[in-house]
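Subject: Structure handover

Hello,

Here is the structure I promised you. Please load it first, then read my notes below.

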Amino acid sequence: MKISKSLLPLVTPLSKDNPVIVQVLGICSALAVTAKLEPAIVMTISVTAVLALANVIISALRNTIPTSIRIIVQLVVVAALVVVVDQVLKAFAYDVSKQLSVFIGLIITNCIIMGRLEAFALNNRPWPAFLDGIGNGLGYGIILVIVAFFRELLGSGTLLGCQVIPQWCYEHGYANCGLMILPPMALITVACIIWVHNRKAS
Amino acid sequence: MENLNLFIRSIFIDNMIFAYFLGMCSFLAVSKNVKTAFGLGVAVTFVLIVSLPICWAINHFILVPGALTWLGEEYADADLSFLGLIMFISVIAALVQILEMAIEKFTPALYNALGIFLPLIAVNCAILGAVLFMQQRDFDNAWTATVYGAGSGIGWLLAITCLAAIRQRLTVSAVPAPLRGIGISFIITGLMGIAFMSFLGIKI
């Protein structure tokens, strides 16, 4: 499939240059919110929105920000956007916002955001920066959704809160794997994804 | 006694890395050699110990609903808690900047050893994470907050030093090619997390 050059920033982060498993950014939240599918999806949407907007703002300001204080400027822009996202979630999705607890606030220190601002938004025009933000947000989201899918399916037997493993399985001795919900298995699940991805790439 | 319990818990049970995955990015990026890993761990611990009481004071005297009563009766119903994130991240960024200048002035050797990782502590999730947990758990005084900061920092230091020591040994072992580098570090961290789960239930 041939992809026009202007869309490259949107497409490469999905697999070849994935922010989580190739660039190794944003691991903290990718692991912590993936015990269930629903918070993972909400987190993806929040990070994508913040990342795209922050990329556009910083890219528009890139010629006026003095290099020596750029980190503080970036932090303030991102923090302001995250406050908006936090308030919106508290207003419209209170339960999920409670489940995500501190991790919404931690979008500020999500390395994907700082990494993309430094590496892309500071040297590119707003439109490619916007596409790069959306692309990296979705690339992050794909990993989150895959990890959360397996952890929720194997750990609680549900998907998005609905029971998918039928009752007769439990009656014949199937049991949920409680370890999948605990933190260490998130790391091992991501390691398996990295394994498959590198295998395909080579 | 309460504080000692909190200290032990935040090192072993609520470990920043193994229980909450905070500060994973620098944890994975800087853990290639024990010496640098230890230096970064000490710097993170120091920033945590300093920033937690300051953020506690800001939260307690400025942000929580009704906190501004000390300014006068007319401010008694002000609620500035939505400003929390911006205030905390600015305080942390400023502190890291001051710390950087102080280290450069007084111990140039440590400054050179830490290099770029010193300014990057500002965006280490472990710091902001600890501040947000402190706000969520609503500690009664600045001393408890400091103890929590020290415990979290030492827990992080312990984790990064262990991982760096294991990774130094890994260079001579036969890891499957697609897992080399970052993949195996994830698995090792996961196994260390399972090992740390055995501390669950410790109470002093």
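I start in chain A, with a glutamine. A:Gln74 sits in helix H4 of chain A, which covers residues 70-92. One caution before going further: this is a predicted model.

Is A:Gln74 buried or exposed? A:Gln74 is buried, at a relative accessible area of 0%. Its contacts, leaving out residues up to four places away in sequence, are A:Ile58, A:Met114, A:Leu117, A:Glu118 and A:Leu122.

A:Gly139 belongs to helix H8 of chain A, residues 126-156. Its relative accessible area is 0%, so A:Gly139 is buried too. Which residues does A:Gly139 touch, if those up to four places away in sequence are not counted? They are A:Pro13, A:Leu14, A:Asn18 and A:Pro19. The C-alpha atoms of A:Gly139 and A:Asp17 are separated by 8.6 Å. Along the chain, these two residues are 122 residues apart.

Now chain B, starting with the overall picture.

- Chain B has nine helices and zero strands.
- The pattern along the sequence is α-α-α-α-α-α-α-α-α.
- Along the principal axes, the C-alpha atoms of chain B fill a box of roughly 70 × 45 × 30 Å.
- Chain B has 204 residues, and 50% of them count as buried.
- Take the contacts in chain B with a separation of 6 or more: 77% of them join residues 24 or more positions apart.

Next, a helix pair in chain B. Two packed helices are described by the angle between their axes and the distance between the axes. Here the pair is H3 (residues 34-63) and H8 (residues 142-170), both of chain B. The angle is about 165 degrees, and the axes are 8 Å apart. An angle over 145 degrees counts as roughly antiparallel, so H3(B) is roughly antiparallel to H8(B). Their crossing is right-handed. What kinds of residues make up the contact of H3(B) with H8(B)? The contact has 21 nonpolar residues, eight polar and no charged.

One residue of H8 in chain B deserves a separate look. B:Trp143 is found in that helix. B:Trp143 is exposed, with a relative accessible area of 57%. The C-alpha atoms of B:Trp143 and B:Pro53 are separated by 7.2 Å. In sequence, B:Trp143 and B:Pro53 are 90 residues apart along the chain.

Finally, two backbone points to check in chain B. B:Phe21 has a phi near 55 degrees, a positive value in a residue other than glycine. B:Phe21 is in the loop between helix H1 (2-13) and helix H2 (24-29). Its relative accessibility is 3%, so B:Phe21 counts as buried.

B:Asp138 also has a positive phi, near 60 degrees, and is likewise a residue other than glycine. Where is B:Asp138? B:Asp138 lies in the loop between helix H7 (125-137) and H8 of chain B. B:Asp138 has 56% relative accessibility and so counts as exposed.

Best wishes

Notes: Residues are numbered from 1 along each chain as its sequence is written. Chains are lettered from A and ligands numbered from 1 in the order in which they are written. This is a predicted model: local features need pLDDT of at least 70, side-chain atom pairs count only at pLDDT 80 or more; totals for chains, interfaces and linings use all residues. Side-chain values use heavy atoms; hydrogens and water are left out. Axes are lines fitted to C-alpha atoms, for helices over the stretch in contact, and angles run from 0 to 180 degrees between N-to-C directions. Helices (H or I, at least four residues) and strands (E, at least two) are DSSP runs, numbered from the N terminus. Angles under 35 degrees count as roughly parallel, over 145 as roughly antiparallel, 65 to 115 as roughly perpendicular and the rest as oblique. A crossing is left-handed if the near helix is turned anticlockwise from the far one by less than a right angle, and right-handed if clockwise. Ala, Val, Leu, Ile, Met, Phe, Trp, Tyr, Cys and Pro count as nonpolar, Asp, Glu, Lys and Arg as charged, and the others, Gly among them, as polar. Buried means under 20% relative accessible area, exposed over 50%, partly exposed in between (1.4 Å probe, protein chains only). Contact means heavy atoms within 4.5 Å.
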